[in-house]
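Subject: A structure to look through

Dear colleague,

Here is the structure that I promised to pass on to you, together with its sequence.

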Amino acid sequence: MNQTKTYLKLKDKARTNYPTMIIVHHSGGTDKYPLMDTSNHTAAMMEEWHLSNGWEGLGYHYVIHKDGEIWLGRPEHYHGSHCVGHNSDSIGICLAGNFDLTLPTQAQIDSLIKILKSIKERYNIKEIVPHRKFSNKTCYGKNLSDTWASDLIKEEVVILPKELLENNKTSMEEMKKYSFKKGILKAVISLVLFAIPFMISNFPDIANLTIGSVLMLVYNWIKVSTTKI
Ligand SMILES: [Zn+2]
């Protein structure tokens, strides 16, 4: 982790940011050269550019370099300058690169996951979205889907069967046993469902005999169990 000059300059400012979402950006191309490769751009370069726009400093809260290095921009409690209309209710993260053209590196993805998890733990974050949700830019790049960033930290929800939950059998071992038993039961049911019509059409005599015997057994069982002594 490193920090830019911006952080030092703005760290004592009063709270002006109340994050409910995380907005992810790419450094992208320029208006003149939309397909410019900016994967080697650094937080310092972005800061210089933002300062030249007359802003207070780097507009993002975090910048992730191509090698995965995380640079702190603005402190989280201070509003950003990265997304019109949402600079006071979001945290802005920028990945160096033009993902209209390329993809983020694995190191960048790993660092992004780390930051997303950490922010989610500390704020009531309702969504993680690409910048393009609120602008007509392609940001964070055409090569990445709208849910790409949020999917990175999606938790898999395992729904345990009621029988296991009620008996407090929630271990992986119990789950495996349960699935195995269910599998066998399903196989037996499908075999029976297949065998009955097969027997009726091919061996009607055997089928009649079998069904007849089963019915007799059931009849006897009911008779015996309901007989009053
Ligand atoms: Zn953007």
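Please keep in mind throughout that the model is a predicted one.

Which strands pair with β5 in the parallel sense? One of them is β2, which is joined to β5 over six bridges, and within this pairing M21 has S90 as its bridge partner, while I22 has I91. Another is β3, which runs parallel to β5 and is joined to it by three bridges; here the bridge partner of V63 is C94.

The strand β2 (21-26) deserves a look of its own. Five of its six residues are buried, so β2, too, is largely enclosed by the rest of the structure.

In soluble globular proteins, nonpolar side chains tend to be buried together. In this model, the largest nonpolar core has 28 residues, and those with the most contacts inside it are I22, V24, Y62, V63, I64 and I93. Two or more residues of this core come from each of β2, α2, β3, β4, β5, α3 (106-122) and β6 (127-130), and β5 gives the most, with four residues. If you select I22 and leave out residues up to four places away in sequence, you will find that I22 touches S90, I91, I93, L116, I119, I125 and I128.

Which residues of helix α2 (residues 43-52) are buried? They are A43, M46 and E47, and they cover an arc of only 100° around the axis, which puts them on the same side of α2. An α-helix has 3.6 residues a turn, so residues three or four places apart point the same way. The buried residues of α2 are covered by elements that include α1 (5-10), β3 (62-64), β4 (70-72) and β5 (90-95), whereas the face turned away from the buried side carries the exposed residues E48 and S52. After α2 comes G54, whose phi is positive, near 90°.

**Two places in the loops**

In the loop between β6 and α4 (148-151) you will find Y140, and the peptide bond that joins C139 and Y140 is cis, with an omega of about 5°. In the loop between β4 and β5 lies G85, which counts as exposed because it has 9 C-beta neighbours inside 10 Å, the cut-off for an exposed residue being 12 or fewer. Although G85 and S135 are 50 residues apart in sequence, they are 9.8 Å apart in space, taken from C-alpha to C-alpha.

**The chain as a whole**

How many helices and strands does the protein chain have? There are seven helices and six strands, and from the N terminus on they run β-α-β-α-β-β-β-α-β-α-α-α-α. The domain assignment gives domain 1 (2-151) and domain 2 (162-226), and the centres of these two domains are separated by 59 Å, taken over C-alpha atoms.

The overall dimensions can be read beside that separation. A compact globule of 229 residues would have a radius of gyration near 17 Å, but the protein chain has 31 Å, and its C-alpha trace spans about 100 × 40 × 30 Å along its principal axes. Of the 229 residues, 26% count as buried. As for the contacts with a separation of 6 or more, residues 24 or more positions apart account for 69% of them.

To see this extent for yourself, you could look for S201, which is in helix α6 (residues 172-202) and counts as exposed because it has 9 C-beta neighbours inside 10 Å. From S201 to M46 the distance is 78 Å in space, C-alpha to C-alpha, and these residues are 155 residues apart in sequence.

With best wishes

Definitions and conventions
Residues numbered from 1 in each chain as written. Predicted model: local features only at pLDDT ≥ 70, side-chain atom pairs only at ≥ 80, totals over all residues. Domains from an automatic or database assignment. Buried ≥ 20, exposed ≤ 12 C-beta atoms within 10 Å, placed from the backbone. Arc of directions from axis to C-beta. Contact = placed C-beta atoms within 7 Å. Core = buried A, V, L, I, M, F, W, Y, C linked by C-beta atoms within 7 Å. Pairing = 2+ DSSP bridges. Rg over C-alpha atoms; globule rule 2.2 N^0.38 Å.
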